[in-house]
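Student: I am new to this structure and would like to go through it step by step. May we begin once it is in view?

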Amino acid sequence: MRYSQYFLPTLKENPADAEVVSHQLMMRAGMIRKVAAGVYSYLPFGLRSIRKVEQIVREEMNRAGAIELLMPMANPAELWQESGRWDYYGKELLRFKDRHQRDFCMGPTHEEVVTDVVRSFVKSYRQLPVNLYQIQTKFRDEVRPRFGLMRGREFIMKDAYSFDTNDEGANESYEKMRQAYCHIFERCGLKYRMVEADSGAIGGSFSHEFMVLAATGEDVVISCESCEYSANIEKAVVVDQGEVSQEPMREVERVVTEGAHTVADVSLMLNLDPQQIVKTMLVMADDQPVAVLIRGDHELNEAKIKNLLGASVLELANPEQIAEATGGPVGFSGPLGLKVPIYADNAVKYLRNIGVGGNEKDIHLEGVNLERDFQVTQFADLRNAMEGDRCPHCGGQYSNTRGIEVGHIFKLGTKYSEAMKATFLDADGKANDIIMGCYGIGIGRTVAASIEQNHDDDGMIWPMPLAPFQVLVNMLNPKDDAVREAAENLYRALLDAGVEVLLDDRDERPGAKFKDADLIGIPLNVTVGARGLKEGQLEVKDRATGEKSMLPLESAATMLQERVTSALAGV
């Protein structure tokens, strides 16, 4: 491809609304163009990388025995009502009516549609197992789309669905997909980690996320330093350990805490460590108020309390709901006198003489003890794990890294097949619910995660498997006949050898060309200039290492092809 004839509109400055590195660089490198909040056009340079991820995914899915199909974006409400997710999914489900006033939604995922397909045709155990997948555009109406392709509303996703007759078969299908995912991210040239995860709105018995490790990642990955246990922040287990304080119980005292809006403020005014402060957080579980107690130096894990309560929807209470439940304003809630159920994190039960809100403006209480002053409905693991917490498997310590979720696999069980009556007849003629699994990969998100993991101050550094082009041939002076002829010959020789090459034949200053070359991050940059040609050599720069070397002009194409082949084989 000739740069002068290619559509590659680069920008010199970061767009004002681009917050993270991948968003900034994808916009600057002419990979994407914003159409609306969370909705992007994939420009030619970006689409090339998208297609490479798709091809790797497609090859590994096929190798694992999955079969490709394509399902519609527009889903009828009836299917989602059958599964029970029409109301459960929330506002992220974009609903609309057709001209006949029939309800539809834009599919954010396709469990309902694929279950309907399978139940229509699969009747016998002899037709199972089967695994169906698609690569298709999805839509989730995110409340706050941001970070470019990292959290958009419209996105490309690979979703696969397995159907088995028993748990043994379902586990085997899950394992095949787990291995396929490992192969996919290894072939993409990415550093990643598989972690235990919460199943969320998809549901099911257990799941794993695949995280691309990056210092700029939005997700926290909790890992044990002594064994292989890893989990995301929503799922990571906190071991229940501690000893009940032997400190004598004091009397409850009211303390004026005017202007205290944080745990640090309250701690200072009550002269207590943050560990002795207990936050009372009001949440609405399926529109019913519930109080959750968390130690002052800990963070509430909403996924854990939602799972404990079996709630379909869980949200933090608003100021009006807090006032109705506690009688006081935001920031001063406490457990004493509450008429709503109280759940507490395990760490709270070991405390004595704690500080809590007084359920009235500018008032906190100290000397509060749960054995005497209030009752807890249930203790449970309800907080986020932290660095230094103990591993539930080996007792080792947790450490934190950051990552970007690019894939998620679920064992669904019979959640959808039971609700939608997707059954098969076994060898005895008895009807059984089909056991399902589902497996997703964000295609555009994988590209963005690769950029987050591989970049420097000058631009992107593509791993060879995902690079839009493998070699950039930089013609320094197109008006110089010798330079133009040598660059053209190398360009044609690389094309004939099957190398994906971009020829920068623009009549631009060398400095501008070098700057664009670093920005777009093609792995091998070859400079064809008059000075090198006098010695019969070309300069090649490795974008990842910055190392420069000289290649003989007559064998440059063969040597570059070998480097590309070697790089692809090494992932």
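Student: How many aromatic pairs does the count come to?

Tutor: The model before us is predicted. Rings of Phe, Tyr and Trp pair if their centres lie within 6.5 Å. By this rule, the number of aromatic pairs is 11.

Student: Are the rings of Tyr181 and Phe210 stacked, edge-to-face or tilted?

Tutor: The ring centres of Tyr181 and Phe210 are 5.3 Å apart, and their planes stand at 50°. Planes under 30 degrees apart count as stacked and those over 60 as edge-to-face, with the rest as tilted. The angle of 50° therefore makes this pair tilted.

Student: How many residues apart in sequence are the parts that this pair ties together?

Tutor: Tyr181 belongs to helix H6, whereas Phe210 belongs to strand E10 (residues 206–213). Ring pairs also link these two residues with Phe185 and Tyr192 into a cluster. The parts tied together by the pair of Tyr181 and Phe210 are apart in sequence by 29 residues.

Student: Is Tyr181 buried or exposed?

Tutor: Buried means under 20% relative accessible area. Phe210, at 0% relative accessibility, counts as buried. Tyr181 has a relative accessible area of 0%, so Tyr181 is likewise buried.

Student: Is helix H1 roughly parallel or roughly perpendicular to helix H12?

Tutor: The axes of H1 (residues 21–28) and H12 (residues 443–453) come within 8 Å and cross at roughly 105°. Angles of 65 to 115 degrees count as roughly perpendicular. The crossing angle of roughly 105° therefore makes H1, relative to H12, roughly perpendicular.

Student: How many nonpolar residues are there in the contact of H1 with H12?

Tutor: From H1 the contact takes in Val21, Ser22, Leu25 and Met26, and from H12 it takes in Val447, Ala448, Ile451 and Glu452. One residue of this contact is polar and one is charged, while the number of nonpolar residues is six.

Student: Is Asn359 buried or exposed?

Tutor: Asn359 is found in the loop between strand E18 (354–357) and strand E19 (363–368), and has a positive phi of about 60° although it is not a glycine. Asn271 also has a positive phi, near 55°, but at 70% relative accessibility Asn271 counts as exposed. The relative accessible area of Asn359 is 11%, so Asn359 is buried.

Student: Which residue does a cis peptide bond join to Leu128?

Tutor: The omega of this bond is about 5°. The residue joined to Leu128 lies in the loop between helix H5 (111–121) and strand E7. That residue is Pro129.

Student: What distance separates the C-alpha atoms of Val143 and Lys91?

Tutor: Val143 is found in the loop between strand E7 (130–139) and strand E8 (154–164). At 77% relative accessibility, Val143 counts as exposed. Val143 and Lys91 are 52 residues apart along the chain, and their C-alpha atoms are separated by 8.1 Å.

How values were computed:
Residues are numbered from 1 along each chain as its sequence is written. This is a predicted model: local features need pLDDT of at least 70, side-chain atom pairs count only at pLDDT 80 or more; totals for chains, interfaces and linings use all residues. Side-chain values use heavy atoms; hydrogens and water are left out. Axes are lines fitted to C-alpha atoms, for helices over the stretch in contact, and angles run from 0 to 180 degrees between N-to-C directions. Helices (H or I, at least four residues) and strands (E, at least two) are DSSP runs, numbered from the N terminus. Angles under 35 degrees count as roughly parallel, over 145 as roughly antiparallel, 65 to 115 as roughly perpendicular and the rest as oblique. Contact means heavy atoms within 4.5 Å. Ala, Val, Leu, Ile, Met, Phe, Trp, Tyr, Cys and Pro count as nonpolar, Asp, Glu, Lys and Arg as charged, and the others, Gly among them, as polar. Rings of Phe, Tyr and Trp (its six-membered ring) pair if their centres lie within 6.5 Å; planes under 30 degrees apart count as stacked, over 60 as edge-to-face and the rest as tilted. Buried means under 20% relative accessible area, exposed over 50%, partly exposed in between (1.4 Å probe, protein chains only).
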